[in-house]
Amino acid sequence: MAKSPSFTCQACGAAYTKWSGRCEACGEWNSIVEEKPLSAGPVAKSLGARRGRTIVLSDLATEEAPPPRTLSGVAEFDRVLGGGLVPASALLVGGDPGIGKSTLLLQATASFARNGLKCLYVSGEEAAAQVRMRAQRLGLADAPVKLAAETNLRDILTTLEAERPDLVVIDSIQTMWADNVEAAPGSVSQVRAAAHELTSFAKRHGVSVVLVGHVTKDGQIAGPRVVEHMVDTVLYFEGERGHQFRILRAVKNRFGPADEIGVFEMTGGGLAEVANPSALFLSERDAPAPGSVVFAGIEGTRPVLVELQALVAPSPLAQPRRSVLGWDAGRLAMILAVLEARVGIPFTGLDVYLNVAGGMKISEPAADLAVAAALLSAREDSAIPRETVVFGEISLSGALRPVGQTENRLKEAQKLGFTTAIAPAGSKFGQVQGMTPTTMPDLASFVGEIFGAG
């Protein structure tokens, strides 16, 4: 029985049974093309599958140790990987253009090579001479890394078969093209086919593969989401062009904790590690000012202190502005609604601006109380004491909920000279010398105690 034709949107990967001029999923025009279905026979043969063979879990050798990890020597990079590079693993690294993905991976590859791994760097966007120029600028010209400039997937796999490296970096997956797929390089079909072949090669031959991926306007890795499911680890390289800080964040990791971060600083000689990111994020903090609050957060397993800045000003518009950088805009709207409904403090007719200093992005709900404190401080023109950190989650009823790892947050704050913490009642503080915690049961009590109003 012949298979029905399949049509796929080259912008978002949505599948259709017939051609259409406009994709209903993403709204792009003329992006739907026909794809030929893959036959099951050659794929199964190429992967070396053996039908009818199973292994009982209890029969596996329990004395076998897990594969050893290899440390790169770049502590922040090893931290995000979960303790080093796992053999036969596939990694996907995404980030905005020009954020420093190629620089980071070239530095990491050179470090792995110096530690004994056989490394190959394949560039589909630059010539080998251009990659060497970057290596010279970074002081890595003497690193034992092999370079290749190629985009044909068949030639790359042939080279990998001959070289058998321990680590290969593909920069980038959107430039790779398979000659058996009738689509342009960078399309959904090509990205999916190239990622599948490279990941399969990594699993069969014990080679670690790092794929570099571009991102879309929404900040997601371009191409089908199935690529993220193929690989073992997905890393995002974040940062603002106006700031020197860069954050490597693990959003998926089969071999370590997800949401772990590594912090780097962009310098003239490449990316430098930041061992104490809290001190760096707070280094430019001025004297206490209305709207400035220090939040003690947790990123992965690491406590990080960042400054939240808020500005509240009368609005000349019929609909006031709500501008957010580094936090969820929907969560800000919820905090404003709770302040008005539960505490009686309206923000009607006022523009609200919220910024996370240093280009940091915060996603945990523990920042709710710090955001509310920054908004109230800006609205009332009253500064929070300089030596105070704030954290806690706000419910829709106005109650304050405890958050996890309270003791680690306080220890990090104490290291940087903070002496007071404002947190929800019921928090487990542990034993932290030099810190005086102040607990609040609900948002109304917090407003009354800190700003003198009920």
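Where is the place of R164? R164 sits in the loop between α5 (153-163) and β7. Phi of R164 is near 50°, a positive value in a residue other than glycine. R164 counts as partly exposed because its relative accessibility is 42%; buried means under 20% relative accessible area, exposed over 50%, and partly exposed in between, with a 1.4 Å probe and protein chains only.

The model is predicted: local features need pLDDT of at least 70, side-chain atom pairs count only at pLDDT 80 or more, and totals for chains, interfaces and linings use all residues. Residues are numbered from 1 along each chain as its sequence is written, and side-chain values use heavy atoms, with hydrogens and water left out.

The protein chain has 12 helices and 21 strands. Helices (H or I, at least four residues) and strands (E, at least two) are DSSP runs, numbered from the N terminus. Of the 454 residues of the protein chain, 47% count as buried.

N30 is not a glycine, yet it has a positive phi of about 55°. N30 lies in the loop between β2 (15-16) and β3 (32-35). At 63% relative accessibility, N30 counts as exposed. A cis peptide bond joins D171 and S172, with omega about 5°. S172 is found in the loop between β7 (167-171) and α6.

Helix α6 covers residues 188-205. Its 18 residues reach 26 Å from first C-alpha to last, close to the 26 Å expected at 1.5 Å a residue. The expected span is 1.5 Å times one less than the number of residues. The buried residues of α6 include V188, V191, L198 and F201. Just after α6, G206 takes a positive phi of about 70°.Strand β14 (residues 302-314) contains P314. At 68% relative accessibility, P314 counts as exposed. Leaving aside neighbours within four places in sequence, P314 is in contact with G349, L350 and D351. The C-alpha atoms of P314 and V352 are separated by 9.0 Å. These two residues are 38 residues apart along the chain.

Helix α9 (residues 329-343) has 15 residues, which should span 21 Å at 1.5 Å a residue. Its end C-alpha atoms are 21 Å apart, in agreement. The buried residues of α9 are L332, M334, I335, L336, V338, L339 and V343. They pack against β15 (322-325), β16 (350-356), α10, β18 (393-394) and α12.

Helix packing comes next. Two packed helices are described by the angle between their axes and the distance between the axes. Axes are lines fitted to C-alpha atoms, for helices over the stretch in contact, and angles run from 0 to 180 degrees between N-to-C directions. Angles under 35 degrees count as roughly parallel, over 145 as roughly antiparallel, 65 to 115 as roughly perpendicular and the rest as oblique.

α9 and α10 pack at about 65°, with their axes 10 Å apart. α9 passes α10 in a right-handed crossing. A crossing is right-handed if the near helix is turned clockwise from the far one by less than a right angle, and left-handed if anticlockwise. From α9, the contact is made by R331, L332, M334, I335, L336 and L339. From α10, D368, V371, A372, L375 and L376 take part. By class, this contact of α9 with α10 has nine nonpolar, no polar and two charged residues. Ala, Val, Leu, Ile, Met, Phe, Trp, Tyr, Cys and Pro count as nonpolar, Asp, Glu, Lys and Arg as charged, and the others, Gly among them, as polar.

α9 and α12 pack at an angle of about 85°, with their axes 10 Å apart. α9 is therefore roughly perpendicular to α12. V338, L339 and V343 of α9 meet L443, A444 and V447 of α12. The contact of α9 with α12 has six nonpolar, no polar and no charged residues.

Helix α10 (residues 368-380) also packs with helix α12 (residues 443-451). The angle is about 45° and the axes are 12 Å apart. α10 and α12 are therefore oblique to each other. α10 passes α12 in a right-handed crossing. L369, A372, A373, L376 and S377 in α10 meet L443, F446, V447 and F451 in α12. By class, the contact of α10 with α12 has eight nonpolar, one polar and no charged residues.

Terms used:
Contact means heavy atoms within 4.5 Å.
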